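Me: I would like to learn how to read a few features of a model. Please give me the general idea, then the case at hand.

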Amino acid sequence: MLTGAAVLLGVSAGQAQAAEVAYATKCVPPSGIGLPDVNGTTKVEITAPATAKVGDTVDVVWKFTQAASKNPDIIDLPANSVQPSGTLKAAGAQTADIAMQGPRENPAIPKGGAMTLSDMKGTLKLTAAGQVTLTPDAYVVNALSTDTKCAPTEAVQPAATITVTAGEGSSGSGSGSASPSASPDPSQSQSQSPSASASGTPSTSPSASESGGDGGPTDFTGKVVDIPYTCQSPIGEKKATSPIQINAKKSGGSYDLTVQFKKSVMDSPIDIPAGKVKPTMQIVLGGADEGSVTVEGPLNSEPIPQNQPIEIPDLTGVYKPGATGESTLSPGVLTIEAMGTTTTCTPDSTAVSLTLDTAEQASGASGGSGSSSSSGGSTSTSGGLAETGSGDHGTLKALGLVAGTAILLGGAVFTFMPRRRAS
């Protein structure tokens with residue numbers, strides 16, 4: 001009786017089977033990031049019914065028992081930041097490309113840790129009687145918003161076989177249809193980029209208000225200037241435009257500076273915890289004075305949810321003039337460090353936001369002979385700018401923080417290949 005029941009249960013869908021295959025794989029990081037192609041071994045386990053009838057739609061599962069890489073020693077991959085998709089080849093009694101996709105679900109993957117990819121699922125409608133083999137083919141790993149594409153470099157052995165019996169809707173056609181079992185994630189094929197149009201905020205002419213004890217103004221308001229720049233991450237670049245305003249308040253012979261960003265230039269592709277984002281910027285001096293002034297902002301006090309704007313807080317510092325005359329202040333290097341990464345953005349052109357009538361102070365900015373610092377920031381000479389790669393207006397560091405991080409993560413996923421390492 002038990003045997004008879006088992007036979008009856010197996011008539012329409014058979015017993016599910018699982019088989020593992022291993023194949024040499026070449027993975028290609030996102031284009032334009034300067035990383036070489038890498039080679040490794042992928043191990044895959046395919047689960048499908050052992051038997052079915054023509055007209056059935058069967059579920060197929062692709063499980064990675066070993067990805068073709070480990071996470072390199074660059075950055076920790078956050079939980080739920082990696083999503084696989086791929087193609088499973090059906091051959092034999094019918095041919096079809098089965099679209100496979102897994103959810104964006106993974107544990108946090110530390111630097112140097114083995115890659116852990118979710119199971120991919122797809123469906124196949126059976127159209128002809130006979131043996132249908134299932135063979136893993138190319139796949140894509142989407143880390144945040146970038147794709148790394150992997151493909152076999154050798155013939156791959158079938159990982160599962162379905163014995164299809166004749167039934168209603170049988171057909172002699174060797175073609176079949178397949179569809180993914182889940183709706184595609186828009187981020188699968190579209191990379192978010194930190195591009196943004198210039199702010200609509202009207203520019204205002206520099207103005208001064210309030211009077212000091214000597215009858216002169218103490219507050220100075222700069223105009224909003226739109227700065228186009230190229231963001232260079234460790235492995236790629238993006239372009240964006242940021243509207244920036246520099247304001248000053250006179251304090252003795254020095255000036256307390258405040259830099260404001262009037263508009264967020266990007267959304268976060270991942271959840272960023274509180275206390276993980278630190279902005280620092282160089283204000284470039286011109287006119288009578290030379291050098292740069294460092295201003296910085298606080299760590300983010302609140303988490304930044306995925307797909308929400310990344311707001312840059314007010315950046316503050318102290319400017320001690322090194323020359324007497326008309327000195328100009330322009331946006332320069334901005335550095336944002338987040339979750340262990342730093343990205344550099346270089347202005348394609350710069351503009352003066354604020355002009356001040358300055359009086360030389362001891363150990364001031366001009367002349368490239370030294371620097372001074374205070375609790376609110378520091379004033380450095382043009383010699384300090386040389387360290388960032390520019391002696392004129394510096395380089396604008398990392399307003400493309402998360403986009404740069406996303407590129408870094410996406411390219412880094414398949415940088416180092418383990419010989420034998422299971423997920």
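Me: How many nonpolar, polar and charged residues are in the lining of the largest pocket?

Reply: This is a predicted model, in which local features need pLDDT of at least 70, side-chain atom pairs count only at pLDDT 80 or more, and totals for chains, interfaces and linings use all residues. Residues are numbered from 1 along each chain as its sequence is written, and side-chain values use heavy atoms, without hydrogens and water.
Rolling a probe the size of a water molecule over the atoms shows where empty space is left. A pocket is an open set of points on a 1 Å grid over the protein atoms alone, where a 1.4 Å probe fits, with protein on both sides within 12 Å along at least five of seven lines; lining residues have an atom within 4 Å of a point. Here the lining has 10 nonpolar, 2 polar and 2 charged residues. Ala, Val, Leu, Ile, Met, Phe, Trp, Tyr, Cys and Pro count as nonpolar, Asp, Glu, Lys and Arg as charged, and the others, Gly among them, as polar.

Me: Which lining residues are the closest to the centre of the largest pocket?

Reply: Asn 300, Ser 301, Ile 304, Glu 311 and Pro 313.

Me: Which residues have the most contacts inside the largest nonpolar core?

Reply: In soluble globular proteins, nonpolar side chains tend to be buried together. A nonpolar core is a set of buried Ala, Val, Leu, Ile, Met, Phe, Trp, Tyr and Cys residues joined through side-chain atoms within 4.5 Å. Buried means under 20% relative accessible area, exposed over 50%, partly exposed in between (1.4 Å probe, protein chains only). The largest core has 40 residues, and Ile 46, Trp 62, Leu 124, Leu 134 and Ile 162 have the most contacts inside it. A second, separate core of 29 residues includes Phe 220 and Phe 261.

Me: What is the phi of Asn 80?

Reply: Most residues other than glycine have a negative phi. Asn 80 has a positive phi of about 60°. Asn 80 sits in the loop between β4 and β5.

Technical notes. Helices (H or I, at least four residues) and strands (E, at least two) are DSSP runs, numbered from the N terminus.
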